[in-house]
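Thanks for coming. I will go through a few parts of this structure, and you can follow along on the screen.

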Amino acid sequence: MVEYVNVFGLFHATRKQLYVSAAVFTVVIILIIGLSVGLSGKDEPSHHEEISFNGRDALDHAPLVDGHNDLPWNLYALLNNRLSAFNFAEDLSEDSVWGKANCPSCHTDLSRLITGKVGAQFWVAYTSCSSQYKDSIQLTLRQIDVIKRLINKYSSNLELVINSFDIENVWKSGKIASMIGVEGGHSIDSSLAVLRLYYELGVRYLTLTHSCNTPWADASPIGNSYLHNLTDFGVKVIHEMNRLGMLVDLSHVSHNVMRRVLAVTKAPVIFSHSSAFAICNKYRNVPDDVLQLVKKNNGIVMVNFYSGFVNCNDLRNATMRDVVDHINYIRNLIGVDHVGIGADYDGVDKMPEGLNDVSKYPDLFDRLHTNVDNEPYWSQEDLEKLAGRNFIRVFSAVEAVRDSLSSEAPYEDIIDRQELYNAQLSENLTPGECQTAIEWNSIITTTTEGTNTIGSSSVEPSVSTSEEPSVSTSTISSDQTTVTQ
Ligand SMILES: *[C@@H]1O[C@H](CO)[C@@H](O)[C@H](O)[C@H]1NC(C)=O
Ligand SMILES: *[C@@H]1O[C@H](CO)[C@@H](O)[C@H](O)[C@H]1NC(C)=O
Ligand SMILES: [Zn+2]
């Protein structure tokens, strides 16, 4: 106050005038601050970052959209989808079943999602590759069902979203915009009809493969090589997804399939949970030439946090710094418009130090904003793009392609039966064992017992089926308890 007295003293103010001037001065300052704060409200991105802006504050201005959470898989693995036994609203980090001590791949509950400022989440309907050519469709439907039941049960905090426009609306209403993705092309069992019905059920992305090749697209374990690559039928799957408005997710596919899809898709693609291959040489990560194609395609890579994908050095643990490095690498190479977040919580058993569960996203945004060394500067606008604006842009571009293709009829292509047959042989399965559909009629195969016509026997409706005892009502097989990544 002493300084102000001196300043006002220059005008030879009386004591009373001094008080009035000070009051006016104070009111003006309050108005200026109030105006700045008002301008930085949700509707108007702020450029007044000097008013103690923290990176996490970006998450109050744009929804944080995470591309991949496998909680539904854990609901299946731990509870066979019995939501009545699940206390989603509680902090489960020390829970005897869901806590980190018992379940290293459990990172999600409602209270931590709220702490984590999550605005929108893709919940993943995933079924193990062991169900391919068997009951993958039924198991995928069960996972879509449990996601919908979870959303309905917690409807004051979650709301189903099936278009790009509603993400921001639902987030503004204080709920988590909940979307559904299907992880793994084996879930459609080589049928475009099934793909279309998933869309009708509200599914908005299909990851083309999980860790297993489908008959029409190779998965990442194939490395730089190929078995089927993307087949002609695979191209039809992409085009039908474009026509429907289903996001094409390239996480998990082989690098060659990434390249082929980017050459044929009519819409931008996403990587729902993948990081940068140049930093950590795992084939689940995206190589530089593909990153350049994603930029041209106007798509997005949503960075996976999994320790095993962000840090290839087994001698140390992954930290938040590794995730920051992947995000910055992608930004530096192809620009801030093509990077997002797809952490993979609940799908993996090891997360970097500082990013242990879904409550930690704000710490990452704070860290990005306090850029160190030669890291790029993350403005509020940049952070909002990373959080959700890039994804929303891609999603609405996919919807625009769908609308432009609205005069096209659904594709009626059926997969080539020899390709389906060969694909099953390559997995050491007995082709046709589970196939009773019409396209299997009279396919000629050679078995150890000689020439054999699969269709003639398998197309017969089996009357005894419903009476037969169910073979696998028991617990989850060992491969299903592994993490899904
Ligand atoms: C597989 O795809 C890659 C990438 O587009 C291409 O270079 C390669 O020739 C393809 N291989 C076959 C057998 O189609
Ligand atoms: C990595 O983290 C684990 C558990 O947090 C700890 O036990 C281990 O000592 C750490 N390893 C290294 C190399 O720091
Ligand atoms: Zn995955």
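Strand β4, residues 176-183, is joined to strand β5 by four bridges, and the two run parallel. This is a predicted model, so please keep that in mind throughout. Within the pairing, I180 stands opposite V203 of β5. How many residues of β5 are buried? Five of its five, so to speak: β5 covers residues 203-207 and is mostly covered.

Now follow the chain past β4. The loop between β4 and α7, which spans 192-200, holds H186. Is H186 buried or exposed? H186 has 29 C-beta neighbours inside 10 Å, and the cut-off for buried is 20 or more, so H186 counts as buried. Which residues does H186 touch, once we leave aside its neighbours within four places in sequence? The contacts of H186 are then C129, S131, Q132, S136, H210, C212 and T214. There is also a distance to note here: the C-alpha atom of H186 is 9.7 Å from that of Y126, although the two residues are 60 apart along the chain.

One pair to look at is L64, whose bridge partner in β2 is V118. Strand β1 covers residues 64-69 and is mostly covered, with six of its six residues buried.

Next, two helices. Helix α3 is residues 71-79 and helix α5 is residues 136-153. Their axes come within 10 Å and cross at roughly 105 degrees. Angles of 65 to 115 degrees count as roughly perpendicular, and α3 and α5 are therefore roughly perpendicular to each other. Which residues make the contact? On the α3 side they are P72, L75 and Y76, and on the α5 side Q143, V146 and I147. By class, this contact has five nonpolar residues, one polar and no charged.

Last, the ligand. What surrounds ligand 1? The residues around ligand 1 are Y226, N229, N256, R259 and R260. Sorted by class, that shell has one nonpolar residue, two polar and two charged.

That is where I will stop.

Notes. Residues numbered from 1 in each chain as written. Chains lettered and ligands numbered in written order. Predicted model: local features only at pLDDT ≥ 70, side-chain atom pairs only at ≥ 80, totals over all residues. Near = placed C-beta within 6 Å. Nonpolar A, V, L, I, M, F, W, Y, C, P; charged D, E, K, R; others polar. Buried ≥ 20, exposed ≤ 12 C-beta atoms within 10 Å, placed from the backbone. Pairing = 2+ DSSP bridges. Axes fitted to C-alpha atoms, helices over the stretch in contact; angles between N-to-C directions. Parallel < 35°, antiparallel > 145°, perpendicular 65-115°, else oblique. Contact = placed C-beta atoms within 7 Å.
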